[in-house]
Amino acid sequence: MIISVASGKGGTGKTTVATSMALALQACDHVTFLDCDVEEPNGHIFLNPEFTETENIYIEVPKIDPGKCNLCGRCAEVCAFNALLVAGEAVITFPELCHGCGGCRYFCPVGAISPEPKQIGTVERGVAGRLAFVRGRLEVGAALSPPLVDAVRKNRGPGGITIVDAPPGTSCPVIHSVRGTDFCLLVTEPTPFGLNDLDLAVQMVRSLGVPCGVLINRAREGWGIIEKYCRQEGITVMMKIPLSQEIAEAYSRGVSLAKFDRGWNDAFKQLYREIGGLVANERSHCNQR
Amino acid sequence: MKEVTVISGKGGTGKTSITGSFAVLAQNHVLVDCDVDAANLHLLLDPEIQVRKNFWGMPKVEIDPQKCTGCGLCEELCRFGAVKQGRVDQMSCEGCRVCYHACPEGAVRLVENLAGEWFISRTRYGPFVHARLGVAQDNSGKLVAEVRRQARSLAEREGRELIITDGPPGIGCPVISALGGTDLALVVVEPTLSSIHDLVRVIRLAEHFGVKTAVCINKWDINPRNSRTVEIMCRDMDIPLIGRVGYDPAVIAAAMERKPVVQVMSAVVDDIVSLWHCVERQLGI
C-alpha cells in the first residue's frame, strides 16, 4: 500500500502527519518513508534517520563539440525549452533550462552533441529505527525537481507500507509524488487559505484518479468550513488534529505527534485501517464497473 | 521601479499574511501573486477582475492513429516514458516535442494547451496581478514569468514605483522564476526546525542568483530559543534580520474574515508596520 500525503497549501502539517503515521505503523508492518518534498525536505528532522548510502541523480544535458559543429542551428530549433542558442560562431547551452529530452543530440546532423551529466540532486537512503527512510534533495539552483521526485519514488520497499511526503502546491513535483499511489491523504486547515488550496488539491488528485480523504489540522470548534466543503464534495474527513499550543511547540522542536502523545499513535493506526477500508471499497467499485 | 518578493522556503510561514499587510501599508504600488499553483493573496484583497486572459502553456502532443504505422520510434526516443503503444500519456508528457520532430509519418501533432489564466484586478489597496494555473498543469515557472511581466508593464503604464510580490514556497522552478531581477527577497521564517532548515536553502538560492536578501521571523515567540538561533545564523551569514512578528491568534481571525492583519486590532500590527519601514529602507525608498 502506498499512501501519499499532500496539501495544496504549505505548512498545514503534511510532514507531521506523514512522519506520525510512519512511526505509528512501524510496529505493525515494514514501513518505507519517502520524502518527496525535494526542494525543502524536512522528514529527517522528525525521524532522525541514519543515512547509509547516497546516490547522485543526473540529467543529461548537451555538450557541443566545436570541432564538429557547423552552426546549422537544428539543435536550437528543436529544443522546446530554449536551452540552446546559436550566437555568432558558437552554440551556447543553458543547462539550467534543459529538461534532458535528448532531442538536440538526436537531431544534430553532424553528431556534434554528446550527453553530459548534470547533477540535479541526491537520493539518500537510510534507516530510522525500524523504518526505511529515503529522501531526495534538490541541488540549490536546480530548477527541475520532477526527475528527482521520480528517483525517490522508485525506492518503495517490497510489500509493506510506503508513505510519501509530497511537496506543497498542485503542480509538477506534487503530481509526480501523488500519481500511482493507492491513496492520497490531503492535510488542510480551517482557514480560507486552507479551503481554497484544498479544493485545488482535490481537483488535482481526482484528475490523477487517486482516491483521497481529508485530515483537518488546527481544527477548532465552530470552524466548519472544511467539513462543509467535504460534505458537498463527498470526501471523507478522516481525522482532526486540534489547534494546540503544545502541539505547535513540540513541532517547533522537531517532535512528531506520534511521539508527543501515545494516544495519537493509536489514532494514526486507526487512520491507516480506515484508509485501507476506503481503498478496498474503491477497488471493488472499480471491479464492478 | 523597485520590487520586493516575499518568499519562505517552507510553506505556511506567513508569506501571504505579511504581503497582504504590506498591500495596505505601501503606496503607489502594484501587487502580484506569484504562487500560481496555490494562490491565496486574492482571498485577502477581494479583487475585482478587470482583465482576464488565457495562459497558453507548452503545446502537448497527440498521435494520429490513421497516420501512425506503429514503427515505435517515438516510444523509443521519449525520455519521459510518455508514449506507450501509440498513445501519449499527457500527465507524463514533458512537452519536449522530440516525437513530433522525429515521426517519419508526421503522425504526431501539436495540441494547444490552455494551462491557466491570469488576471489584472482592482483592489482597494491598488492594482493586483494574479493567476490560476490549470489543474495538474506544469508550466508554473512560465506563468510566474508572465504574471511578473504584466505587473511590470502595468506599473510602467500607471507610473507606479513599487511592486510587492507574494512568492511561492520551495526553491525550484517557480521560485527561481519569481526571484530573477527582483530588488529584495524578504524571507519569512518561523522558529521551527523545519523552517530554519529551509531558510538556509532559500538564502543560498537567492545568493546563487545574486538577489539581495533580508529575513523576518514570524511568530518568533512560539519558540524564542529557535528565534535566537535564526538571529545568530543571519548574523553569521551577514544577512540583515529586519523584523520580528509575534504570535497572535488575531492573525488567523483576520484571515477568517479575509482581511489583512494590519486592519484588525492586534498586538502584531506594530511589528508588521516596523517591518515594512525596514523593507522600505532596504529598497532605498
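The dialogue below goes through a predicted model of two chains, asking what stands behind each description.

Modeller: Before we start, residues are numbered from 1 along each chain as its sequence is written, while chains are lettered from A and ligands numbered from 1 in the order in which they are written. Since this is a predicted model, local features need pLDDT of at least 70 and side-chain atom pairs count only at pLDDT 80 or more, whereas totals for chains, interfaces and linings use all residues.

Biologist: How do you know how many helices and strands chain B has?

Modeller: Helices (H or I, at least four residues) and strands (E, at least two) are DSSP runs, numbered from the N terminus, and chain B has ten helices and 13 strands. Its C-alpha atoms fill a box of roughly 70 × 40 × 35 Å, taken along the principal axes.

Biologist: What makes a residue of chain B count as buried, and what percentage of the 285 residues does so?

Modeller: A residue is buried if 20 or more other C-beta atoms, placed from the backbone, lie within 10 Å of its own, exposed if 12 or fewer, and partly exposed in between; of the 285 residues of chain B, 54% count as buried.

Biologist: Where do the domain bounds of the two chains come from?

Modeller: They come from an automatic or database domain assignment. In chain A, domain 1 covers 2–57 + 122–288 and domain 2 covers 66–111, with their C-alpha centres 40 Å apart. In chain B, domain 1 covers 2–56 + 116–283 and domain 2 covers 60–112, and the C-alpha centres of these two domains also lie 40 Å apart.

Biologist: Why are α1(A) and α11(A) called roughly perpendicular?

Modeller: Axes are lines fitted to C-alpha atoms, for helices over the stretch in contact, and angles run from 0 to 180 degrees between N-to-C directions. Angles under 35 degrees count as roughly parallel, over 145 as roughly antiparallel, 65 to 115 as roughly perpendicular and the rest as oblique. The axes of helix α1 (residues 14–25) and helix α11 (residues 262–288) of chain A come within 8 Å and cross at roughly 90 degrees, and the two helices are therefore roughly perpendicular to each other.

Biologist: Which residues of α1(A) and α11(A) make that contact?

Modeller: Two residues are in contact if their C-beta atoms, placed from the backbone, lie within 7 Å. By that rule Ser20(A), Met21(A), Ala24(A) and Leu25(A) of α1(A) meet residues of α11(A), including Trp264(A), Phe268(A) and Tyr272(A).

Biologist: What is the relation of α1(B) to α10(B)?

Modeller: Helix α1 (residues 15–25) and helix α10 (residues 269–283) of chain B have axes that come within 10 Å and cross at roughly 75 degrees, which makes α1(B) roughly perpendicular to α10(B). Ile18(B), Ser21(B), Phe22(B) and Leu25(B) in α1(B) meet Ile272(B), Val273(B) and Trp276(B) in α10(B), and the residues of the contact are six nonpolar, one polar and no charged.

Biologist: Why are β3 and β13 of chain B said to stand at the edges?

Modeller: Two strands pair if DSSP finds at least two bridges between them. The open sheet of nine strands in chain B has the order β3-β8-β9-β2-β10-β1-β11-β12-β13, with mixed pairing; β3 (48–56) and β13 (241–245) each have a single partner strand, so one side of each is left without a neighbour in the sheet. The twist averages 20 degrees from one strand to the next.

Biologist: Which element of chain A gives the most to the side that touches chain B?

Modeller: The contact takes 50 residues from chain A and 51 residues from chain B. Helix α7(A) gives the most to the side of chain A, with eight residues, and that side divides into 22 nonpolar, 21 polar and seven charged.

Definitions and conventions: Nonpolar A, V, L, I, M, F, W, Y, C, P; charged D, E, K, R; others polar.
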